[in-house]
Amino acid sequence: MGSLESGRRVTGFAAQDSSGHLSPYTYILRNTGPEDVVIRVIYCGICHTDLHQLRNDYGRSHYPMVAGHEGVGIVTEIGNDVKKFKVGEHVGVGCIVGSCSRCQACSDRMEQYCNKRIWNYNDVNPDGTPTRGGFASTMVIDQMFVVRIPENLPLEQAAPLLCAGVTVYSSLKQLGIQAGKRCGILGLGGVGHMGVKIAKASGLHVTVISSSEKKREEALQVLAADAYVVSDDGEKMQGEEA
């Protein structure tokens, strides 16, 4: 990786304190290292975890903080040893931007369980510089933690897949759920929306379980869920509909 002294100046939106208010912030990114990909950020999703971090709800926030872990954009530069990506390609960056690459978790391609994993913001790079997220004009990321986005997938639609989307898809994949099975989605927030879409695309019978009637129309007519159950309706929660 490059060093802070030879880095590039970029602008992002940062919280300066636990108020969580964002304002323009200029800082230095490292230069491109041999394994690094430079990304011009076009869109970045907003996850509720970002709000928790910006407001120091976990008690571990460091400021100034440039949040955002659903960043998508275009490759503008690559390091000499980058083989997976080319300039001009559409790519995305999720929650993790580094790991030790030597432990069992890393060997199993489960870097999220590495004890030395590096979060894409509110963390520290190996060279001691703070990590900065996708609420910015540019990111510099190790190629191992960059994902390619198909050219026919609009970038603004791809961004939420990097957190809410992969959370749901990973669960369904690990459970080995097959088309024709039944699936319950508890709550229709950000993850719930992704859950319904991915489950339906996988050929599942989808029931949305919510705390009120407020989202029935959205679940059934907009997202095409198969059934909708209010969680305090004990009879229907145990009935055939669910």
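This is a conversation about reading a few features of a predicted model.

Visitor: Now a hairpin. In which sense do strands S1 and S2 pair?

Guide: A general point before the case: in a regular strand, side chains alternate between the two faces of the sheet. Here, S1 (residues 8–15) and S2 (residues 22–29) run antiparallel, with eight bridges between them. To find your place, look at alanine 15, whose bridge partner in S2 is leucine 22.

Visitor: And which residue of that hairpin takes a positive phi?

Guide: That's glycine 20, with a phi near 80°. The hairpin has six residues between the strands.

Visitor: On to aromatic rings. How many aromatic pairs does the count come to?

Guide: One aromatic pair. The partners are tyrosine 25 and tyrosine 27. To read such a pair, check the distance between ring centres, then the angle between planes; planes under 30 degrees apart count as stacked. The centres of these two rings are 5.4 Å apart and the planes are at 20°, so the pair is stacked.

Visitor: Are those two tyrosines buried or exposed?

Guide: The cut-off for buried is under 20% relative accessible area. Tyrosine 25 has 19% relative accessibility, so it counts as buried. Tyrosine 27, at 4%, counts as buried too.

Visitor: What sits over the ring of tyrosine 27?

Guide: The charged end of arginine 132, which is 5.2 Å from the ring centre.

Visitor: Last topic: pockets. How much space lies in the largest pocket?

Guide: The general idea is that rolling a probe the size of a water molecule over the atoms shows where empty space is left. In this model, the largest pocket holds about 1400 Å³ of space. It is lined by 38 residues, and the closest to its centre are Gly94, Cys95, Ile96, Leu162 and Val166.

Visitor: Which elements give two or more residues to that lining?

Guide: Helix H1 (48–54), strand S9 (146–148) and helix H4 (164–175). H4 provides the largest share, seven residues.

Visitor: And what does the lining look like by class?

Guide: Count 20 nonpolar residues, 13 polar ones and five charged ones.

Definitions and conventions. Residues are numbered from 1 along each chain as its sequence is written. This is a predicted model: local features need pLDDT of at least 70, side-chain atom pairs count only at pLDDT 80 or more; totals for chains, interfaces and linings use all residues. Side-chain values use heavy atoms; hydrogens and water are left out. On a 1 Å grid over the protein atoms alone, a cavity is a set of points where a 1.4 Å probe fits but cannot get out, and a pocket is an open set with protein on both sides within 12 Å along at least five of seven lines; lining residues have an atom within 4 Å of a point. Grid points are joined across faces, edges and corners, and a volume is the space filled by probe spheres set on the points. Helices (H or I, at least four residues) and strands (E, at least two) are DSSP runs, numbered from the N terminus. Ala, Val, Leu, Ile, Met, Phe, Trp, Tyr, Cys and Pro count as nonpolar, Asp, Glu, Lys and Arg as charged, and the others, Gly among them, as polar. Rings of Phe, Tyr and Trp (its six-membered ring) pair if their centres lie within 6.5 Å; planes under 30 degrees apart count as stacked, over 60 as edge-to-face and the rest as tilted. Buried means under 20% relative accessible area, exposed over 50%, partly exposed in between (1.4 Å probe, protein chains only). A charge sits over a ring if NZ of Lys or CZ of Arg is within 6 Å of the ring centre and within 35 degrees of the ring normal. Two strands pair if DSSP finds at least two bridges between them.
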